[in-house]
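Please examine the sequence and the structure shown below before reading on. The paragraphs after them lead from the overall fold to single residues.

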Amino acid sequence: KIIPPRETMPVKSFLLLSNPKKSNNIGPLLRCASAFAVERVVLVGFSQFSVAGSHGADKHISTISFTTFQSAVEYLKHDQGVCEIVGVLAGCGAGFNECEVITSADEMTKVTTLAKKTSKIPSAGRLPLSVPVTDRCFHGDTCFLVSKCPKGIPHCEAAYCDSFIHVPSRLSDVRLLDDVS
């Protein structure tokens, strides 16, 4: 006797991005979002943006814009049923599976980034550990927050994250951000 598979709702993923100016090019990110079957790209800031580099993916993925991260997160969690907002951080270097998520002490450029688990880098605040994306299971609808900031996720955005992941690096000489403080 063959038992039919249980019917389950497909899990949805969302992408949360800052869009600080009208001419911001998010085309390549739309292309990646489309390739990973992201349900919707949620923008914070301007509703207009450039799609150069999307290679037509912009026609296959929906976007919605909000003026604040607070309103975007409320939409995701209350209207879309997102269980968790996950911050995607830069790689942590070879041999580091669990990395500390730290917030730099400099108020002018306050960012959330990774450091070695035993780091002595001065920090304004310690957050949960970041785990490699390859070791992480996702349950339920999930939103991934990605930043174009090269030093990490701006702290005002990272504050909305429930957890953090990173792509582990296999390079032996990867430098972690020495100038976090």
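The model is predicted, so local features require a pLDDT of at least 70 and side-chain atom pairs count only at pLDDT 80 or more, whereas totals for chains, interfaces and linings use all residues. Residues are numbered from 1 along each chain as its sequence is written, and side-chain values use heavy atoms, with hydrogens and water left out.

The secondary structure of the protein chain comprises 3 helices and 10 strands. Helices (H or I, at least four residues) and strands (E, at least two) are DSSP runs, numbered from the N terminus. Read from that terminus, the elements follow the order β-α-β-β-α-β-β-β-β-β-β-α-β. The chain has 181 residues, of which 37% are buried; buried means under 20% relative accessible area, exposed over 50%, and partly exposed in between, with a 1.4 Å probe and protein chains only. A contact means heavy atoms within 4.5 Å. Among contacts between residues at least 6 apart in sequence, 71% join residues at least 24 apart.

Because 6 of its 7 residues are buried, E1 is largely enclosed by the rest of the structure. Two strands are said to pair if DSSP finds at least two bridges between them. E1 runs parallel to E2, to which 6 bridges join it, and in E2 the bridge partner of Leu-17 is Leu-43. E1 is also joined to E8 by 4 bridges, again in the parallel sense; there, Ser-13 has Thr-142 as its bridge partner.

Which residue of E8 is the bridge partner of Val-86? The partner is Phe-144. E4 also pairs with strand E10 (residues 163-166), in the parallel sense and over 4 bridges, and in E10 the bridge partner of Val-86 is Ser-163. Of the 6 residues of E4 (residues 84-89), 5 are buried, so this strand is largely enclosed by the rest of the structure. In a regular strand, the side chains alternate between the two faces of the sheet.

On a 1 Å grid over the protein atoms alone, a pocket is an open set of points where a 1.4 Å probe fits, with protein on both sides within 12 Å along at least five of seven lines; lining residues have an atom within 4 Å of a point. The largest pocket holds about 330 Å³ of space, where grid points are joined across faces, edges and corners and the volume is the space filled by probe spheres set on the points. Its lining includes Phe-14, Leu-29, Phe-36, Val-88 and Phe-144. E1 and helix H1 (27-35) each supply at least two lining residues, and the largest share, 4 residues, comes from E1. By residue class, the lining divides into 11 nonpolar, 1 polar and no charged. Here Ala, Val, Leu, Ile, Met, Phe, Trp, Tyr, Cys and Pro count as nonpolar, Asp, Glu, Lys and Arg as charged, and the others, Gly among them, as polar.

Arg-40 lies in strand E2 and is partly exposed, with a relative accessible area of 23%. Leaving aside residues up to four places away in sequence, Arg-40 touches several residues, among them Ser-13, Phe-14 and Leu-15 as well as Tyr-75 and Gln-80.

Two loop residues have a positive phi without being glycine. For Ala-37 the value is about 55°; this residue is found in the loop between H1 and strand E2 (40-45) and is exposed at 59% relative accessibility. For His-55, phi is near 50°. His-55 is found in the loop between E2 and strand E3 (62-66) and is exposed, with a relative accessible area of 70%.

Val-167 is placed in the segment after E10 and is exposed at a relative accessible area of 52%. Its C-alpha atom is separated by 7.7 Å from that of Thr-134, 33 residues away along the chain.

Finally, how many disulfides does the structure hold? The number is 0, a disulfide being a pair of cysteine sulfur atoms within 2.5 Å. Cys-137 is exposed, with a relative accessible area of 55%, and Cys-156 counts as exposed at 55%.
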